[in-house]
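Dear colleague,

Here is the structure I said I would pass on. My notes on it follow below.

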Amino acid sequence: MTPSAQAPVSPSGPAPATPSPQTAFPSPSPQIPSSSPPPPQATSPASYIGPYRVIRELGAGGMGRVHLAASRSGRAVAVKVVRPELAVDPDFRRRFKAEVDAARAVSGAFTAPVVDADPEGPQPWLATAYIPGPSLTDALAAHGPMPESTVRVLGGGLAEALAAIHRAGLIHRDLKPSNILLTLDGPRVIDFGISRAVDGTVLTAEGQIAGSPGFMSPEQSRGLELTPASDVFALGAVLAFAATGVPPFGTGAVHALLYRAAYEEPELTGVPHGLLGIVAACLDKDPARRPTVEQLQAWLRPETTAGWLGAVELRVTEDQRTLEDALRGPLLGRRRLLTGGAAFAVAAAAGGTTWFLRSRGKGGGDSAAVPELAWTKELPQAGMSLRALTRSTLLCTEKASGACFDRGTGKLLWKDLDGQNTDALPDDKRVYTVRTDGKVHAFDGRSGKKLWEAPPAGDSAPELDFADGDVVMVKSRGTARALEASSGEVRWTAQDVKDVSMTVGATPAGALLVWGGPSKTDPAAMLRGYFALGRKTGERIWAKDLVTLYPPEKSKVLYGIDADMKLLALDPDDGRTRWSRSTELPRTNSEILGFAGSLSLLEGTLFCYPSTGFSGSRRGLLVAFDPASGKTLWTVQTTARGNRGFARSGDTVCYLDKKVLYGVDAGTGARRWTAGAGLGDLAFLGVLRGLFLAAGTKGLYAFHAGTGEQVWHHRATGGSGTWSAETVGDDLYATWSGKLFRFSVS
């Protein structure tokens, strides 16, 4: 077998047993007339439902049939058309209209909002935002139980979604894995807002129950009046299922599931210790003793959603690509390429066309050097993306397969398409993987020759955490081990650090900095325990409870933020505080921002850029500090949602916010320019020789750091998908649609 590397994925487990979804109504009729004129044949779907162009049918449920459709502007929606027998019931129509009006008030970040409806049409319908991505049911069936960090992101998002639903005066009543969709920045709850309208219809057959046995609350199964606590019970059942792959009340006949939920204790074996108390509280038989969704948001607050899906991320990307293809209509005309004021030079390139936009300034000269395509290579698998750069290689991965290329020439060095890797991490000499046998394997980075393998410490597969050529840090069930990079032998196992999350770096003297559990909890702050461990022995050198810790490369000082949100300068040898400076950063118990990994030292300025893509984020921040004193230089507020990122080039800092690039003065924070408006969703790639780089659906873009002027566009043609890119020195490496690119600035 030829070895390879792979992006982190969870080892696939057996498909979990899931109770069959129960519907409150008889099967829908095979045809659903639309509110637009009927089609020639009853078996054909209408070409339009209201103003929405029907693309295809997605499925059918208790209320009616669901169609993927597009608005005139190209927005994807899921249109639900009510069953004819419900449409003729005046009482149902009144309830349905009231519920639609209430659902329109739901605006949570983790829900699929109602965007339009016609409750009074011949066949009532409502349209919600369409969410591309697998259901929780499908994800668990394909990849097995989720790790604790992923379950926390899931639970935090679901709690926020339920809070939004409850604020609108609604109760979901049917929260279950198939009603939860997974996206790159968190879960989405669907099928809310019409439950009570459907529950109350006279068409409910005697003995049938609205909801899904195994996930519905005891009071719901008894037909009692429901409160938001009923949704909390369902949330607890969902989290138990996500963490173990097994429903907490088992599987089987409906009456057996209802009895177990009402009278027996849930089976929670396998739920991580850090979640066990939360899940058990949600599943309390007494609604009054269950936590509120607000409490759950605080308890389940994740640090970040970045990479939270693991292997499922590929499925989400594929679903997004499929949706884009479905929405793409016929070209109506030839796109105008030139608007005046700039001269274009065109260079043919594999996979696209590169446009050089050179401004005609006062002197008529070029304002900046631009990237030029050095080479393009085909990837062994179309879905591969750039994972990591070393001094001499490029590692590209897809699912459990990977390939290594020479960084200078693009030559394929070796590949592994057998799909046996569940985790991968390179250093400058080797590629380390965890394979389906649960062992850590090491391969030569350039030849792919197998060098060694190391067995797991216990009954769970390890996760690769850190590698620098001397040591490989792996973690398993919160315990950290150090392996010899050259042989795989265990150098030491950490004894004084519990609940290890990650290795954040090393001190100038070589001590390893590990993030684990804090020594004590602080109700005023979300703290983590940071430990400096001896590289040779694993012995604890010092420890501090902090909000975050940052070790800049080649620096004689560490930077951290404490519980009072003061900026600290720490001695890396003993952890002693050299100076402390108050900041205006919001406390972690007042605003939900992710401060782990938020600090960075760029060209002599210390920046804090907390993450926002998780439950409860309401805004973002970019703050600049003097690294010598901790003095706050300036602060810029950003939005919480959408793609983000920032970089510095000389006296300009550029950040992405609301699909627009903003250039600000690096010394004062004063705005200098904006760029990229009208290019659609952009992903910020970084900086390259005085150029800020971004990727969009139409290719790569470069903007002059001084003026914000767009000076380069590599137009993507003949493929689809998202860009993955890294910059180093004068080079930009990128993957897109089965190709690997190198662009260079000379």
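Contact here means that heavy atoms lie within 4.5 Å. The model is a predicted one.

On that definition, and leaving out residues up to four places away in sequence, Lys80 touches Met63, Arg65, Val66, Pro124, Trp125, Leu126 and Asp191. I looked at Lys80 because UniProt, in an unreviewed entry, places the feature "binding site" there, and that annotation may be inferred rather than shown by experiment. Lys80 belongs to strand β4, residues 76-82. Is Lys80 buried or exposed? Its relative accessibility is 12%, and buried means under 20%, so Lys80 counts as buried.

Next, the cores. The largest nonpolar core has 62 residues, and Leu154 and Leu182 have the most contacts inside it. Helix α7 (residues 228-244) gives the most to this core, with 11 residues. At least three residues come from each of domain 1 (47-94 + 114-126) and domain 2 (131-199 + 208-321). Another core, of 20 residues, lies apart from it; Ala525, Ala563, Leu599 and Leu606 are among its members.

Last, a sheet. Four strands form an open sheet in the order β16-β17-β18-β19, with antiparallel pairing. β16 (421-426) and β19 (450-454) are at the edges and have a single partner strand each, so one side of each is left without a neighbour in the sheet. From one strand to the next, the twist averages 20 degrees. Strands β17 (residues 430-435) and β18 (residues 440-444) run antiparallel and are joined by five bridges. Thr433 stands opposite His441 in β18.

Regards

Definitions and conventions
Residues are numbered from 1 along each chain as its sequence is written. This is a predicted model: local features need pLDDT of at least 70, side-chain atom pairs count only at pLDDT 80 or more; totals for chains, interfaces and linings use all residues. Side-chain values use heavy atoms; hydrogens and water are left out. Helices (H or I, at least four residues) and strands (E, at least two) are DSSP runs, numbered from the N terminus. Buried means under 20% relative accessible area, exposed over 50%, partly exposed in between (1.4 Å probe, protein chains only). Two strands pair if DSSP finds at least two bridges between them. Axes are lines fitted to C-alpha atoms, for helices over the stretch in contact, and angles run from 0 to 180 degrees between N-to-C directions. A nonpolar core is a set of buried Ala, Val, Leu, Ile, Met, Phe, Trp, Tyr and Cys residues joined through side-chain atoms within 4.5 Å. Domain bounds come from an automatic or database domain assignment.
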